[in-house]
Amino acid sequence: MDGFRGFAFNRRGMIAAFLAGIAVAGCGQSADAPEKPAASANGLEKPVLKLGFIKLTDMAPLAIAQEKGFFREEGLTVTLEPQANWKVLLDGVVGGQLDGAHMLAGQPIAAAAGIGAKAKLIAPISLDLNGNAITVSNKVWGEIAPGLPKGADGKVQHPVSAAALQGKSLKFGMVFPFSPHNYELRYWLAAGGINPGFYLPGDTAGTTSAQVQISVTPPPQMPSTLEAGTIDGYSVGEPWNQAAVKKKIGVPIITDEEIFKGNPEKVLGLTEEFATKNPKTVKALLRAIIKAQQWLDADGGKNRAEAVKILSMSQYVGADADVLAASMTGKFTFAAGDTRDAPDFNVFFNQHAGYPFYSDAVWTLTQMRRWGQIPADKPDQWYFDTAKAVYRPDLYLAAATELAEKGVIPKDVIPQTDGYKPEQSGFIDGLTFNGKQPNAYLAKFTIGLKQGQTVTPAGVK
């Protein structure tokens with residue numbers, strides 16, 4: 001009898017498991033994809049993958065590749081797994097618990113520069129451009145708004161200079177020391193005449209000579225930390241600036257597009273070892289992501305409303321759809337009654353957004369040197385070599401060219417380039433950046449380390 005009960009129990013369990021498997025297969029494009037290969041793995045070395053992400057709008061290419069079936073089309077079965085913060089995500093990729101991840105552009109670059117993770121990481125594709133903003137508390141906004149220039153409509157003129165914050169003792173949050181958010185915040189502050197501070201070797205706070213305090217806060221915790229008064233503002237990606245607007249606890253003061261137009265943001269981060277061992281898998285992964293990027297930017301954003309619904313799902317960003325739509329659909333809301341056109345706030349495919357330009361990596365390296373994360377001068381060639389060690393346009397081109405040959409993407413969206421963009425403008429301080437002249441670019445800054453300067457506990461010398 002006991003044996004029969006055991007058999008019945010096991011039988012019920014098998015039936016339940018079978019039905020559960022059918023249910024999962026029926027929605028096989030969910031974040032928790034089944035741990036079995038797609039119908040046709042096309043000879044891929046590793047058709048079952050686990051990718052990490054942080055709950056931010058710009059993880060959209062991964063969510064779309066999952067939900068629209070692009071991963072499956074390429075023979076991949078992918079699990080998308082949210083991570084607690086950027087360090088946990090990075091450790092997961094380095095340690096092999098994750099096969100790759102939605103990663104801050106600065107994370108693999110810092111590793112290549114010898115100041116980040118002790119691993120060889122590569123970025124074979126850029127996931128997006130722009131997508132961040134800086135938000136300040138209602139208290140800070142109330143103090144500075146009356147003195148800001150107004151337009152004919154009575155609204156504050158943009159971009160807003162950080163000079164409005166001079167003389168104030170403020171604390172800002174950003175997401176990670178090697179994040180674009182950190183460099184955007186510092187760039188904006190310095191352009192307004194405020195020294196955001198320098199890093200010492202082994203010092204992750206970067207507060208030497210600082211006129212403001214900047215600390216690390218995980219993106220989803222930004223609004224609650226602001227509301228608690230622990231910080232006075234923050235630099236973060238969406239939807240966490242719009243969350244402050246909805247909660248009526250803060251005001252986005254400037255977008256990163258207004259600080260640096262076409263700012264490189266997130267990348268797909270992989271270990272070099274993984275890419276070397278699994279070249280067919282990586283190519284398939286890139287093809288799927290490129291398809292998703294094209295879908296996101298198609299026909300002037302016709303798919304963005306659907307993308308918002310997908311991102312609002314709990315397994316992805318999990319924010320309210322109206323909060324996501326406030327920045328994802330060609331508009332950006334700075335405050336109640338102040339929504340402005342922002343067609344390029346999120347760029348995923350247009351403007352060659354997916355191509356991993358060496359010059360984007362070089363710009364990030366210049367900011368690491370500017371604030372002392374790279375403690376000593378480096379010759380121009382070092383910047384070029386470091387960028388090429390991590391950004392891999394060869395892998396991107398191999399995948400994109402196959403898609404273009406099949407007519408999946410237009411051939412003219414693949415840039416004809418040596419990996420460097422033409423000299424760039426669109427910076428809030430009016431400077432221009434030439435990726436082939438990093439040290440000449442560093443010499444232009446009024447605030448920042450100069451040639452031959454180092455940081456000591458007593459300050460810059």
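Lysine 266 is buried, with a relative accessible area of 0%. Buried here means under 20% relative accessible area, exposed means over 50%, and partly exposed lies in between (1.4 Å probe, protein chains only). The model is predicted, so local features need pLDDT of at least 70 and side-chain atom pairs count only at pLDDT 80 or more, while totals for chains, interfaces and linings use all residues. Residues are numbered from 1 along each chain as its sequence is written, and side-chain values use heavy atoms, leaving out hydrogens and water.

Lysine 266 forms a salt bridge with aspartate 58. A salt bridge is a side-chain nitrogen of Lys or Arg within 4 Å of a carboxyl oxygen of Asp or Glu. This pair links distant parts of the chain, 208 residues apart: lysine 266 is in strand E11 (residues 266–271), and aspartate 58 is in the loop between strand E1 (48–53) and helix H2 (60–67). Helices (H or I, at least four residues) and strands (E, at least two) are DSSP runs, numbered from the N terminus. Aspartate 58 is buried, at 3% relative accessible area.

| Pair | N to O distance |
|---|---|
| Aspartate 58 and lysine 266 | 2.6 Å |
| Arginine 340 and aspartate 338 | 2.8 Å |
| Lysine 436 and aspartate 418 | 2.7 Å |

Arginine 340 is partly exposed at 21% relative accessibility, whereas aspartate 338 is buried at 11%. Lysine 436 is partly exposed at 42%, and aspartate 418 is partly exposed at 45%.

Salt bridges that share partners also join Glu73, Glu74, Lys283, Arg287, Lys291 and Glu402 into one network. The whole structure holds 27 salt bridges.
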